Amino acid sequence: MLEKQTELDRRIHQIRSEFELLSPFSAGYPVNQEFDYSDLYPLLGYCGNNVGDPFAHSRYQSNTHETEREVVRAIAEMVRLPADEAWGYVTTGGTEGNMYGIYVGREMLRDPIAYFSQDTHYSVLKILHVLNVRNIMIRSQENGEMDYDDLRESIFINRDKPPLIVANIGTTMKGAVDDLDKIRGILSELALPRSYIHADAALSGMILPFVDDPQPFGFDSGIDSIAISGHKLIGSPLPCGVVVTKRDYTAQIGRAIEYVGALDTTLLGSRNAFTPVIIWYSLTKNGRDGFRRIVAKMLDTAEYAVRQFNANGIPAWRGKNSATIVFPRPSPYVLFQWQLAPFGDIAHLITMPHVTREMVDNIIADCLEWPPGTNER
Ligand SMILES: *Cc1c(COP(=O)(O)O)cnc(C)c1O
């Protein structure tokens, strides 16, 4: 018995110290590590389950549907959809949110063609395969934004099919925001009777609502659904996300999902009852002012990082309202040491709230000490 306990303790201790060691060197992934959910730990003593539609009655009573609805409404308002017109739920992450948005789009349009740019997250192509949606990849510009001429031309050639556009509100690699005004302009210029825009806003969906001069990002700019990750800027130790669409749409596609039961509007069956509480806790505790401060600090550190990289002869840049700093791919040591994400000949660091100016200085110092070409295998 005692030996068993020692074995359990040892493993937990081992995992914990690995995590503890790594977190001060995490600068490449868009996860906010600044949180404390210890108030919520007692809830882990129960078998919560959010199975079913959070807006409908559920037979399983140990759920957090009410909290989940509050999360959906709060996020809806942030992305400029009146709360009473919104429907959505807390997902397992950005990928499930994208899948749900694209699914709603497919059901609304019937037999659409999906358009997405080269810089789109890999989950989107996978989802289009799974949902069997015809699709066309659009060229990207150098800054990571969609090439709008290529989009116009591709839609024009295929204008017998309604377009389902997956717009990036912050690409994974370069933090680029596709211009919703331009996309809508193209759709109206081509006089297409039906179209649908899903916004993949995994990270920037929590940045743009809190800056003074945001690019168009919300329902007021013509999107039909949006997916935001919970474990990115909101800060959740468990992967999760939120998808928001219009209540009308879910009602219209109701028939398509009737076969699994009238109230079964979510993609998954049993769903996490704990993650909606985590998101609610973060939104409530930080409040809008809190997120404004968090975002301002991130963007300030990002600006500092670009300045310092450039001052040290490393050509780094970032897009407007982006905390993602793109620079030439550093040596394997630097990538490994700071958990930076490389893609071809570039890499990025993201100044999430736990990334300090001091960390930025240390990363630059390492880049200078171990320039590209050193310690290659
Ligand atoms: C992270 C990310 C996703 C996927 O989110 P998961 O939560 O990992 O499923 C989708 N799109 C973009 C742009 C992302 O950055």
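**Exercise 1.** State where the ligand sits and how much space that site holds.

*Solution.* The ligand sits in the largest pocket, a placement that requires more than half of its atoms to lie within 2 Å of the pocket's grid points. A pocket is an open set of points on a 1 Å grid over the protein atoms alone, where a 1.4 Å probe fits, with protein on both sides within 12 Å along at least five of seven lines; lining residues have an atom within 4 Å of a point. About 900 Å³ of space lies in this pocket. His121, Tyr122, Thr171, Thr172 and Met173 are the closest to its centre among the 43 lining residues. The model is predicted: local features need pLDDT of at least 70 and side-chain atom pairs pLDDT 80 or more, whereas totals for chains, interfaces and linings use all residues. Residues are numbered from 1 along each chain, and side-chain values use heavy atoms, without hydrogens or water.

**Exercise 2.** Identify the helices that each supply at least two residues of the shell around the ligand.

*Solution.* The shell comprises residues with a heavy atom within 4 Å of the ligand; among them are His121, Gly170 and Ser229. Helices H3 (94-109) and H7 (230-234) each supply at least two shell residues, and H3 gives the most, with three. Helices here are DSSP runs (H or I) of at least four residues.

Definitions and conventions:
Points joined across faces, edges and corners; volume = space filled by probe spheres on them.
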